[in-house]
Amino acid sequence: MSKWWRDEQLRAVVAACVTLGFAVGVFAVSFGVTSVSAGASVAQTCVMSLLVFTGASQFSAVSVFGAGGSAMSAFGGAALLAARNSVYGLAMAPHLHGRLGTRLLAAHLVLDESTAMAAGQDDERHRVAAFWITGASIYLFWNLGTLLGAVLGSAIDPTVYGLDAAFPAAFVAMLWPLLRERRSAVAAAIGAVVCLATIPFVPIGVPILCAAVGVVVGIPAPKEATP
Amino acid sequence: MSWGFVLALAATSYGFKALGLVLVGDRTLPPVLDRCLALIPAALIAAIIVNDTFAVGKHLQLDARAAGVGAAVIAAWRRAPLIAVIVIGAAVTAAVRALT
């Protein structure tokens with residue numbers, strides 16, 4: 001982790017995190033505003049960002065409350081959106097060794113962004129560094145933004161600046177290096193198709209879980225490995 | 001919103017995040033599982049891209065986001081740095097939205 005600024009690969013990760021952090025921050029401000037206007041206190045809003053720390057789930061929960069929905073339906077939707085993090089945990093587990101305390105802390109930073117950024121690196125050391133840098137910077141921006149939004153109560157609309165597209169754009173860039181490998185490319189294609197096909201029919205958040213079936217292309221042993 | 005709700009959601013969210021890490025832990029996995037786990041990011045990230053680009057709730061919709069993400073794909077293909085891909089994706093989406 002030391003001297004990351006001399007490491008071109010990690011400099012790119014940090015630069016991307018700052019850019020993405022800006023988008024995360026703007027969304028967080030808007031979350032803070034939405035949450036308070038849905039009836040949560042400033043403290044509850046901030047604790048949610050500190051402890052739940054899953055943007056999509058938090059937005060979903062407060063918007064259900066804001067629309068007058070029940071706590072049960074708010075919880076169900078938010079939980080389904082958080083469920084994909086368990087799949088990311090499985091993917092990150094082989095790379096996050098170390099003491100139990102370190103791993104329990106790492107677990108809190110298991111997100112779309114940190115997993116994707118880690119997956120885009122080409123060696124183990126950069127993978128681990130990218131995971132921590134991305135997770136920690138998003139945590140910082142998400143929580144500062146939430147506090148700002150909850151206290152000030154006024155946000156800029158993220159869609160005006162296209163910031164809602166900043167996330168899929170970033171994921172395109174993170175996915176790109178993975179596509180060079182044939183199996184990953186096939187898994188990605190299956191994941192995308194399954195997700196698109198299931199969006200109209202299953203609850204929000206579930207299509208992304210369904211995309212995990214793409215990993216079946218990993219089942220056959222690679223040809224060069226068989227003697 | 002009650003504190004009970006906030007804490008229950010926090011516990012559930014953390015539980016999901018920790019579940020995968022705890023299940024695998026420091027175990028050495030059979031090669032077939034290793035190969036499948038290594039493909040999770042590709043499969044799920046591709047799904048998130050199409051979800052964030054085309055979904056509005058449970059509906060599919062073609063709008064300014066598709067233009068922005070399309071531009072991001074071209075930028076990534078032309079080997080633009082990560083930061084440029086993000087900015088191009090957002091800027092094109094904003095421009096198309098402002099013009100339509």
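Between which two helices of chain B does the loop holding Arg79(B) lie? Arg79(B) sits in the loop between H4 and helix H5 (82–99) of chain B. Helices are DSSP runs of H or I with at least four residues, numbered from the N terminus.

This is a predicted model, in which local features need pLDDT of at least 70, side-chain atom pairs count only at pLDDT 80 or more, and totals for chains, interfaces and linings use all residues. Residues are numbered from 1 along each chain as its sequence is written, and chains are lettered from A and ligands numbered from 1 in the order in which they are written.

**View 1. Two residues other than glycine have positive phi.** Most residues other than glycine have a negative phi. Phi of Arg79(B) is near 60°. Arg79(B) is exposed, with 9 other C-beta atoms within 10 Å. Phi of Phe53(A) is near 45°. Phe53(A) lies in the loop between helix H2 (42–52) and helix H3 (55–66) of chain A. Phe53(A) is buried, with 25 C-beta neighbours inside 10 Å. Buried means 20 or more other C-beta atoms within 10 Å of the residue's own, and exposed means 12 or fewer, with C-beta atoms placed from the backbone.

**View 2. Chain A meets chain B.** The contact takes 86 residues from chain A and 66 residues from chain B. Helix H9 (residues 163–175) of chain A gives the most to chain A's side, with 13 residues. That side divides into 64 nonpolar, 17 polar and five charged residues. Residues are in contact if their C-beta atoms, placed from the backbone, lie within 7 Å. The model scores ipTM 0.93 and pTM 0.89.

**View 3. Ala169(A) and Ala43(B) touch the most other members of the largest nonpolar core.** This core has 111 residues. A nonpolar core joins buried Ala, Val, Leu, Ile, Met, Phe, Trp, Tyr and Cys residues through C-beta atoms within 7 Å. Helix H1 (residues 8–37) of chain A gives the largest share, 12 residues. Domain 1 (1–28) and domain 2 (39–99) of chain B both contribute, so the core lies between them. Domain bounds come from an automatic or database assignment. Beyond four places in sequence, contacts of Ala169(A) include Gly68(B), Val85(B) and Ala90(B).

**View 4. Helix H10 (residues 182–198) of chain A has 17 residues.** H10 reaches 24 Å from its first C-alpha to its last, close to the 24 Å expected at 1.5 Å a residue. The expected span is 1.5 Å times one less than the number of residues. Its buried residues include Ser184(A), Ile190(A) and Cys195(A). Their cover includes H9 and helix H11 (206–210) of chain A together with helix H3 (40–54) of chain B.

Conventions:
Two residues are in contact if their C-beta atoms, placed from the backbone, lie within 7 Å. Ala, Val, Leu, Ile, Met, Phe, Trp, Tyr, Cys and Pro count as nonpolar, Asp, Glu, Lys and Arg as charged, and the others, Gly among them, as polar.
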